Amino acid sequence: MTAATKPLAGRICLVAGATRGAGRAIAVQLGTAGATVYVTGRTTRDRISEVGRATETIEETAELVTEAGGSGIAVPTDHLEPDQVRALADRVDREQGRLDVLVNDVWGGEHLIVSTFGKKTWDIDLTDGLRMLELGVKTHLITSHTLLPLLTRHPGGLVVEVTDGTTAYNGTHYRENLFYDLAKNAPIRMALGLAKELADSAGTAVSISPGWLRSEQMLAHFGVTEDTWREATKQLPDFAVSESPVYVGRAVAALAADPDRARWNGRSLDSGQLAREYGFTDADGSRPDSWGFMLAKEADPDTRVEDFR
């Protein structure tokens with residue numbers, strides 16, 4: 001991809017929650033397409049967030065964006081703090097005067113999941129449950145409220161709400177505990193509502209979900225790396241339909257580069273669906289469809305995972 005053909009050259013993007021996982025990969029793929037990408041998060045080389053991982057930082061993400069061919073700019077930001085998000089918006093406005101793509105990937109609540117999955121609402125520590133809602137819903141509301149005035153200044157902006165699950169899946173499945181269920185369904189509703197509100201500025205809002213994501217934390221859980229992840233299928237055969245973060249990163253980059261992306265406005269999307277639409281693959285050349293596999297297996301227990309890769 002040459003500088004002259006990079007489809008996002010000159011575009012200003014912001015990925016909120018880009019320290020690791022899907023957020024980092026989305027930022028890097030936007031950079032690969034030539035964009036200037038502001039990346040935010042709480043873990044820096046000097047400070048570790050409550051997630052407790054020092055191995056990924058927003059400075060490193062910004063460097064990866066630049067190495068990929070874009071321009072990465074790290075801005076330490078706690079998206080639960082309105083003053084910090086306002087300062088972020090002011091900085092982007094001062095330095096760029098516009099914002100073309102806002103990716104809302106803030107979460108950081110994985111450490112709260114293990115102790116709460118499968119429990120009744122009244123058996124979950126209320127502090128932990130409410131923290132999930134703060135991390136997965138309140139952060140998204142603060143971010144959109146503060147940055148959308150900048151994004152709507154020019155027509156055609158794109159808002160991407162990153163979540164876990166699609167309307168097709170979440171609409172018929174309870175996501176293990178009430179707090180997590182609400183936290184991961186809220187971004188889908190936000191995209192639907194924002195699609196209406198962005199109409200006056202010809203903007204597009206969507207939600208997107210990766211499939212079974214081989215994030216840094218998931219790989220650590222199985223004791224494997226991205227190079228050796230197939231070893232985890234010995235413990236859990238269905239993990240064969242998992243995907244690397246690159247996959248959803250390519251999905252968002254393809255969406256951002258699509259001049260006809262308004263056809264997706266308000267919709268709940270996933271990486272496998274957009275791979276079929278835009279023709280990209282995961283980093284290993286596969287095209288996994290995690291959500292399709294899970295729904296198909298419920299209907300037919302003999303469904304082969306190989307048919308969804």
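## The second largest pocket

A pocket, as the term is used here, is an open set of grid points at which a 1.4 Å probe fits, with protein on both sides within 12 Å along at least five of seven lines. In this predicted model, the second largest pocket holds about 260 Å³ of space. Its lining consists of 15 residues, and those that lie nearest the centre of the pocket are Arg24, Ala25, Glu216, Pro245 and Val246.

Helix 1 (21-32), helix 7 (216-222) and helix 8 (245-257) each contribute at least two residues to this lining, with the largest share, 5 residues, coming from helix 1. Sorted by class, the lining comprises 7 nonpolar, 4 polar and 4 charged residues.

## Helix 6 and its packing

Helix 6 spans residues 178-197, and its 20 residues reach 28 Å from the first C-alpha to the last, close to the 28 Å expected at 1.5 Å a residue. At the start of helix 6, a side-chain oxygen of Asn177 comes to within 3.0 Å of the backbone nitrogen of Phe179.

Phe179 is itself among the buried residues of helix 6, which also include Tyr180, Asp181, Lys184, Pro187, Ile188, Ala191 and Leu194. The buried residues of this helix pack against helix 4 (126-151), helix 5 (167-170), strand 5 (158-162), strand 6 (204-209) and strand 7 (268-270).

## Ser207 in strand 6

Within strand 6 lies Ser207, which is buried, its relative accessible area being 1%. Leaving aside residues up to four places away in sequence, Ser207 touches Pro187, Ile188 and Ala191, together with Glu161, Arg267, Ser268 and Leu269.

Methods: Residues numbered from 1 in each chain as written. Predicted model: local features only at pLDDT ≥ 70, side-chain atom pairs only at ≥ 80, totals over all residues. Heavy atoms only, no water. Helix = DSSP H or I, 4+ residues; strand = E, 2+ residues; numbered from the N terminus. Expected span 1.5 Å × (residues − 1). Buried < 20%, exposed > 50% of the residue type's maximum accessible area, 1.4 Å probe, protein only. Contact = heavy atoms within 4.5 Å. Polar contact = N/O pair within 3.5 Å; in protein donor to acceptor, adjacent residues only side chain to side chain. 1 Å grid on protein atoms, 1.4 Å probe; cavity = no way out; pocket = protein on both sides within 12 Å on 5 of 7 lines; lining within 4 Å. Points joined across faces, edges and corners; volume = space filled by probe spheres on them. Nonpolar A, V, L, I, M, F, W, Y, C, P; charged D, E, K, R; others polar.
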